[in-house]
Amino acid sequence: MAPTRRGGFLKVLLLENISAAAAQAFRAAGYEVEAHGSALEEPQLVEKIRDVSVLGVRSKTRISAAAIEAGKKLVAVGAFSIGVDKIDRAAASDRGIAVFNDPHSNSRSVAELALGEIILLLRRTFPASTEMHAGVWNKSAAGAHEVRGLTLGIVGYGKIGSQLSDLAEAMGMRVVFYDTAHVLARGNARAVEFRELLGMADVVTLHVDGKKENQDLFGAEEFAAMKKSACFLNLSRGFVVDHDALAACLKSGKVAGAAVDVFPHEPESGAGFKSVLQAIPNVILTPHVGGSTEEAQQNIGRFVSAKLLDYLKTGDSTLSVNLPQCHLEYEEGSYRLMHIHHNVPGILRAINDILGDRGINIERQALNTRGNLGYAIYDINRECDAELMTELRAVPHTIALRAKGC
Ligand SMILES: NC(=O)c1ccc[n+]([C@@H]2O[C@H](COP(=O)([O-])OP(=O)(O)OC[C@H]3O[C@@H](n4cnc5c(N)ncnc54)[C@H](O)[C@@H]3O)[C@@H](O)[C@H]2O)c1
């Protein structure tokens, strides 16, 4: 049966051309879906969001406190992307609205682009192509290399770095990596110290995460520590690299080529992009498209819609970026209550007292807290009615309450 609230279908609003896989998943689960190709400005969003239970966006729509306030029926927001910077998460948390994103599904796309760029840099393909476009035929092997047998140094051996490790080894590269966390080497890859990696790698590629400590991780000193004529890639975050230092090393020949996908200042879209790396030969510049493939979009569409549907059905908040992570094994037909509250003492006792006074048995329960939020999931032995919902909502410090079937 289709999920309903007070007799109407729950509505899902998907913006920014989110993969059709998401709309299909919601429709198959019985939701009413409205999908738009573009982002909405705040006034339109405030208008549209009023009867929406689930909102899906990518990276352009700003979800302000005003939009969240207008979304009186809003239960969850899905960011079909990695970034959640444009969502006012504090306002969402204040209303007990879960926010989900997808930090994984485009990692293969980034790894593949990095591998392709390594080959193109070592073959000096872009300068040759630029010359050809200008009518110059310059057939030369000078400075062009196979990747086989060369050493790739991966800084940041997480989801992307480790996949690139596999791909590079398959091409016959020797892989060394440095990660601040203890991570398992894949294949024949070898963990080394940061400075050691810089001194031995023919290609250095950055795949560190975006924590603020990584600001200016790579500057003049680190470039100086690299092997002469090595190549350099950054597909992680723009603020990690000093672009002036990179430009100077490219011009001096210290660095033989670079591929850069991320920049300290990235415009929203359109003309006017400026970088000190422009017009330097053997430099591949791409507009933060490492993870932008149709396959990644489909995977993200499937992943985020599955997380949202699971949250709607079972309350599972695992991987939510703002709610406490809470999961209670779900059995079809359970009578489930999901209670989000301020993280203060005595809430569970108050709920348990209400249930106990009505002779309702708690079959299982789970609680977790995160900052000033608490989230409890209960399975009880009978369907909850409107009166019970009213009583539970009146428990002091309650932020939001949902129950299956109410
Ligand atoms: N270009 C794109 O379109 C695109 C797409 C997806 C992800 N990214 C970016 O790529 C980066 C990597 O993504 P991921 O999914 O592999 O992240 P991840 O969290 O899985 O891996 C990052 C790894 O870097 C390590 N690390 C952090 N700081 C380090 C440091 N100073 N030195 C060495 N290791 C360090 C961490 O321990 C972790 O293992 C992120 O910054 C992400 O935002 C870019």
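F232 stands opposite A258 in β13, in a predicted model whose local features need pLDDT of at least 70, with side-chain atom pairs counted only at pLDDT 80 or more and totals for chains, interfaces and linings using all residues. Residues are numbered from 1 along each chain as its sequence is written, and side-chain values use heavy atoms, without hydrogens and water. Strands β12 (residues 230-234) and β13 (residues 255-260) run parallel and are joined by 5 bridges; strands are DSSP runs of E of at least two residues, helices runs of H or I of at least four, both numbered from the N terminus, and pairing requires at least two DSSP bridges.

The open sheet comprises 7 strands in the order β10-β9-β8-β11-β12-β13-β14, with parallel pairing. Because β10 (190-191) and β14 (283-285) at the edges each have a single partner strand, one side of each is left without a neighbour in the sheet. Helix α7 (residues 159-170) packs on the sheet and touches β8 (151-155), β9 (174-178) and β11 (203-206), contact meaning heavy atoms within 4.5 Å.

Just after α7, G172 takes a positive phi of about 90°.

Around the ligand are 28 residues, of which K159, I160, D179, V208 and D261 come nearest; a residue is included if one of its heavy atoms lies within 4 Å. Backbone N or O atoms lie 2.8 Å from a ligand oxygen atom for I160 and 2.7 Å from a ligand oxygen atom for V208. A polar side-chain atom of N214 lies 2.8 Å from a nitrogen atom of the ligand.

Definitions and conventions. Axes are lines fitted to C-alpha atoms, for helices over the stretch in contact, and angles run from 0 to 180 degrees between N-to-C directions. A polar contact is a pair of N or O atoms within 3.5 Å; within protein, one must be able to donate a hydrogen and the other to accept it, and residues adjacent in sequence count only if both atoms are side-chain atoms.
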